[in-house]
Amino acid sequence: MLNLDDALKFAVATARESGALLRDYYRNGVTVKYKGEIDLITEADHASEALILNRIRSTYPACAILSEESGASANSSPYMWIADPLDGTTNFAHGLPIFSVTLALVVDDVIEVGVTYNPIYDELYTAQRGQGAYLNGERLHVSSAATLDRALLVTGFPYDRRTNPNNNIRQFTDFSLRAQGVLRLGSAALDLGAIAAGRLDGYWEFKINPWDIAAGCLLVAEAGGRVSAVDGRPLNLYARNVVASNGPLHDEMLAVLTPSRETWPFLPVSD
Ligand code: IPD
Ligand code: CA
Ligand code: CA
């Protein structure tokens, strides 16, 4: 039986270590390659992932691992570490300091521990299920915005948006017309951290991956917010869509997403 307090300490230490490495690459510059037409990868993504995998394998050899660049490990275990070694690679490659390393521990599909770290702002988000969410040790609470009129939202778009009709452009327009504002900041993990911190009020995204949102969904829930699939069903990390909010906004957000099912045949949202 794995001790969850220790797992949180391990995730914090690993995120800080990987964050320091990302910071060095960020300051010294990196070579950029392309995974797809607009999907970047840098040596920092690989180096950060190698560090994280190493640390997990030596401290938790029996745990399964799912990470962005290496995929899923062969071993099956109810304990799974989920990692994005660099969330916000496009920002990182442009010299924009909105990126993070994010790590979560999931036990039997329940997110127990989540950590997201922005090494440039030195902002460390941490959460353990049932024990609250924190930013640099300060307890977090979601905002109290009650209507979309008063809400600053954030979202993201898939890398295959030029060819995939389920590209969130229509929903982005819908929310832009209803909310106070809609941002695209480029790191889903930090978007969710910002909702937990009450800096932003709601987030949704399609074609999102478990490593982008696992830690952040726990942060939002532990800060008193609400997280679900875009059709209102319980969050499924593998369903590739998510809505997270401060709570009061959630139903209004779902209502904006729901009519689009009728006029937008490409929902519900899988690949
Ligand atoms: C991306 C970021 C972005 C989100 C994309 C993700 P990456 O992750 O989280 O905010 O909109 O869906 O793929 O590629 O920078 O690790
Ligand atoms: Ca990511
Ligand atoms: Ca990534």
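Trainee: How far is an oxygen atom of ligand 1 from a polar backbone atom of glycine 186?

Mentor: Keep in mind that this is a predicted model. A polar contact needs N or O atoms within 3.5 Å. For the backbone of glycine 186 and an oxygen atom of ligand 1, the distance is 3.2 Å.

Trainee: Which residue has a side-chain N or O atom 2.7 Å from an oxygen atom of ligand 1?

Mentor: Ligand 1 is surrounded by 16 residues, and Asp87, Gly88, Tyr159, Arg184 and Glu205 are the closest. The side-chain atom at 2.7 Å belongs to tyrosine 159.

Trainee: What area do domain 1 and domain 2 bury between them?

Mentor: The assignment gives domain 1 as 4-139 and domain 2 as 148-263, and their C-alpha centres are 21 Å apart. In contact are 41 residues of domain 1 and 26 residues of domain 2. Carbon and sulfur atoms carry 64% of the buried area, which is about 2500 Å².

Trainee: Which three residues supply 25% of the area that domain 1 buries against domain 2?

Mentor: No other three residues of domain 1 supply more of that area. They are Ile38, Ile111 and Tyr125.

Trainee: Which residue forms a salt bridge with glutamate 123?

Mentor: Side chains of opposite charge can pair when their charged atoms come close. Across the interface of domain 1 and domain 2 there is one salt bridge. For the pair made by glutamate 123, the closest N and O atoms are 2.9 Å apart, and the partner is arginine 199.

Trainee: Which element gives the largest share of the side of domain 1 that touches domain 2?

Mentor: Between the two domains, 10 residue pairs are in polar contact. Several elements supply at least two residues each to this side of domain 1, including β5 (79-87), α3 (89-94) and β7 (110-118). The largest share is seven residues, and they come from β7.

Technical notes
Residues numbered from 1 in each chain as written. Chains lettered and ligands numbered in written order. Predicted model: local features only at pLDDT ≥ 70, side-chain atom pairs only at ≥ 80, totals over all residues. Heavy atoms only, no water. Domains from an automatic or database assignment. Contact = heavy atoms within 4.5 Å. Buried area = accessible area lost by both parts, 1.4 Å probe. Salt bridge = Lys/Arg side-chain N within 4 Å of Asp/Glu carboxyl O. Polar contact = N/O pair within 3.5 Å; in protein donor to acceptor, adjacent residues only side chain to side chain. Helix = DSSP H or I, 4+ residues; strand = E, 2+ residues; numbered from the N terminus. Near = heavy atom within 4 Å.
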